[in-house]
Amino acid sequence: MKKLFISILIILMAVGVNAQDRDIQRALKDLAKAKELVAKKGNKAESWLKLADAYRNCYEAPINGLAIGTPKMQANLILKDQVPAIKMIDIAGQQFTVEEYQNKVIYYDATETIRAIKVVKPVLSDEDALEKAKEYYIKAKEMNISAKDLKQSVQYLRNDYWDMGMTGNTLSIYEDAAKGFEECYRASILMGELDKDALYYATIMSTLAKQSDKSIELANECLKNGYEDGNLYAMLAENYKAKGNLDKAKEYLEAGFAKFPTSQEILVSLINTYL
């Protein structure tokens, strides 16, 4: 009976791997075709859009159909017969069920909802697929691709970066979170929009990652875009303190206190700065 169970398990794993292999091979095939198209018709914006889409699809192939917020029941249907190793872990006092697959790791919270996804074996090991996708979406825009077509494609890129930010935040990998949220914001600009929330979250995550220069840059961009609160001024102050510029920190605290006198973050930063 034990041998029969092991045999069935091996068959199920093989089926799951084969399904994943088909998705990956399809993505690689589409990428090769898109490169050929650019070589032949590189003077057309549509060719670059297809190349960008192909790179993005290579990034998405291992997690095709999965996203932050996907319920486990729906994820099981997408994953079909892929068989993971399962374990329980604690992150910042929160319990997660972790499913480890051949090329990805999925984290479910207590409500059986995906809260983090990490690709551990990317389709393209020698290239950053999302960076390449972004590069070629920008190229397509420079060549006057249809705004509607560009927006439709870049929305997927924006979603991928958002999930990167959420995953980094959940796993307390703040450098990844900061990058994901910032790139989500940049993608929104490429679409002709302005995701101020993503920019704000990028500022918070870069502060937590102790990336003072980056956090100051993003915080000032928030202010430039008309997004401000007490926490933003407090973060600016704390980052300038981290750089040893106490005068600049006090300047932002005073400006923030004048606008948000009841802000808990500013009051705490004022006490820590002046005492």
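**From the chain to its rings**

Modeller: A32 is found in helix α1 (residues 2-41), where helices (H or I, at least four residues) and strands (E, at least two) are DSSP runs, numbered from the N terminus. The model is a predicted one, in which local features need pLDDT of at least 70 and side-chain atom pairs count only at pLDDT 80 or more, whereas totals for chains, interfaces and linings use all residues. Residues are numbered from 1 along each chain as its sequence is written, and side-chain values use heavy atoms, with hydrogens and water left out.

A32 is partly exposed, at a relative accessible area of 38%; buried means under 20% relative accessible area, exposed over 50%, and partly exposed in between, with a 1.4 Å probe and protein chains only. From A32 to L236 there are 204 residues in sequence and 46 Å in space, C-alpha to C-alpha.

As to the whole, the protein has 11 helices and 4 strands. Its C-alpha atoms fill a box of roughly 70 × 60 × 30 Å along the principal axes. Of its 275 residues, 43% count as buried. Among contacts with a separation of 6 or more, 57% come from residues 24 or more positions apart; contact means heavy atoms within 4.5 Å.

I turn now to the rings. The structure holds 10 aromatic pairs. Rings of Phe, Tyr and Trp (its six-membered ring) pair if their centres lie within 6.5 Å, and planes under 30 degrees apart count as stacked, over 60 as edge-to-face and the rest as tilted. W162 belongs to helix α5 (residues 147-170) and F181 to helix α6 (residues 174-190), so their pair ties together parts that lie 19 residues apart in sequence. W162 is partly exposed, with a relative accessible area of 27%, whereas F181 is buried, at 2%.

The rings of Y200 and Y201 are tilted, because their planes stand at 55°, with the centres 6.3 Å apart. Y200 is buried at a relative accessible area of 8%, while Y201 is partly exposed at 31%. Ring pairs join W162, F181, Y200, Y201 and Y227 into a cluster.

L130 counts as buried, with 2% relative accessibility. Neighbours within four places in sequence aside, L130 is in contact with Y59, L157, D160, Y161 and M164.

Between α5 and α6, the helices of the W162 and F181 pair, lies a loop that contains S172. S172 has a positive phi of about 60° although it is not a glycine. Most residues other than glycine have a negative phi. S172 is partly exposed, with a relative accessible area of 33%. A92, which is likewise not a glycine, has a positive phi near 55°. A92 lies in the loop between β1 (85-91) and β2 (94-100) and is exposed, at a relative accessible area of 76%.

Rings also take part in charge contacts. A charge sits over a ring if NZ of Lys or CZ of Arg is within 6 Å of the ring centre and within 35 degrees of the ring normal. The charged end of K104 sits over the ring of Y101, at 5.1 Å from its centre. The charged end of K139 sits over the ring of W48, at 5.2 Å from its centre.

Helix α10 (residues 246-259) and helix α11 (residues 264-274) pack at about 145°, with their axes 10 Å apart; axes are lines fitted to C-alpha atoms, for helices over the stretch in contact, and angles run from 0 to 180 degrees between N-to-C directions. The contact is made by L246, K250, L253, E254, G256 and F257 of α10 with I266, L267, S269, L270, T273 and Y274 of α11. These residues comprise 7 nonpolar, 3 polar and 2 charged, where Ala, Val, Leu, Ile, Met, Phe, Trp, Tyr, Cys and Pro count as nonpolar, Asp, Glu, Lys and Arg as charged, and the others, Gly among them, as polar.
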